Amino acid sequence: MTTHRCSWANPANPRYLDYHDHEWGVPCHDERRLFEMLNLEGAQAGLSWETILNKRESYRAAFDGWDAEKIARYDDAKVAELLANPGIVRNRLKVAAAIANARAYLALRAAGQTLDSYLWAYVDGKPLVGDWADGTRPSKTPLSDRLSTDLSKRGFKFVGSTIVYAYMQGIGMVDDHHPNCFRYAGAK
């Protein structure tokens, strides 16, 4: 029996299939993973998601398991170490963005919010299910525009609307599986 998946899920990459089958479009409420995915989506800008996914474990090791408190304290020596690490995308702006994002995240928490409560309030706590019968998905929406603008105001970096929409899909705020995909929520 053939398992039908979204066309973007590379069948030659088990890591990508696992991501498609078990993460993409699945509601996430884990703070650390929400923070990780925000940074990974930003790191993906200009690259393929598959490239970043293949480097995910290296990112986790390089960025102290996505511990925001540690990342917020990174100094020039740590930045130099990261920029020399072949296991991640060695882009100074993207490394600086992860540090800025850690600080913005900690400020959000200091104000009494979690990333989980902040993000999921945008969809009233329930995932939006895309209904793109022709298989096309938007690269951004008015909702991702609003969330992007607010994240930017809060000091987050690499959070343009297109990145934010991909983030929303990745953490399950939006379920955009193709109607023919076995993960399509609209079929349930």
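**Close-up views of a predicted model**

At 30% relative accessibility, Asp-64 counts as partly exposed. The model shown in these views is predicted.

**View 1. Asp-64 sits in a loop between two helices.** The loop runs between helix H4 (56-62) and helix H5 (68-72). Asp-64 is not a glycine, yet its phi is positive, about 50 degrees. Most residues other than glycine have a negative phi.

**View 2. Phe-158 lies in the loop between H9 and H10.** Its phi is also positive, at about 55 degrees, and Phe-158 is not a glycine. With a relative accessible area of 27%, Phe-158 is partly exposed.

**View 3. Helices H9 and H10 cross at roughly 110 degrees.** H9 covers residues 142-153 and H10 covers residues 161-170. Their axes come within 8 Å. H9 is therefore roughly perpendicular to H10. On the H9 side, the contact is made by Leu-143, Ser-144, Asp-145, Leu-147, Ser-148 and Leu-151. H10 contributes Ser-161, Val-164, Tyr-165 and Met-168. By class, the contact has six nonpolar, three polar and one charged residues.

**View 4. Cys-6 and Cys-181 form no disulfide.** The closest cysteine sulfur to that of Cys-6 belongs to Cys-181, 3.9 Å away. A disulfide needs the two sulfur atoms within 2.5 Å, so this pair is too far apart for a bond. The disulfide count is zero. Cys-6 is buried, at 2% relative accessibility. Cys-181 is buried too, with a relative accessible area of 4%.

Methods
Residues are numbered from 1 along each chain as its sequence is written. This is a predicted model: local features need pLDDT of at least 70, side-chain atom pairs count only at pLDDT 80 or more; totals for chains, interfaces and linings use all residues. Side-chain values use heavy atoms; hydrogens and water are left out. Buried means under 20% relative accessible area, exposed over 50%, partly exposed in between (1.4 Å probe, protein chains only). Axes are lines fitted to C-alpha atoms, for helices over the stretch in contact, and angles run from 0 to 180 degrees between N-to-C directions. Helices (H or I, at least four residues) and strands (E, at least two) are DSSP runs, numbered from the N terminus. Angles under 35 degrees count as roughly parallel, over 145 as roughly antiparallel, 65 to 115 as roughly perpendicular and the rest as oblique. Contact means heavy atoms within 4.5 Å. Ala, Val, Leu, Ile, Met, Phe, Trp, Tyr, Cys and Pro count as nonpolar, Asp, Glu, Lys and Arg as charged, and the others, Gly among them, as polar.
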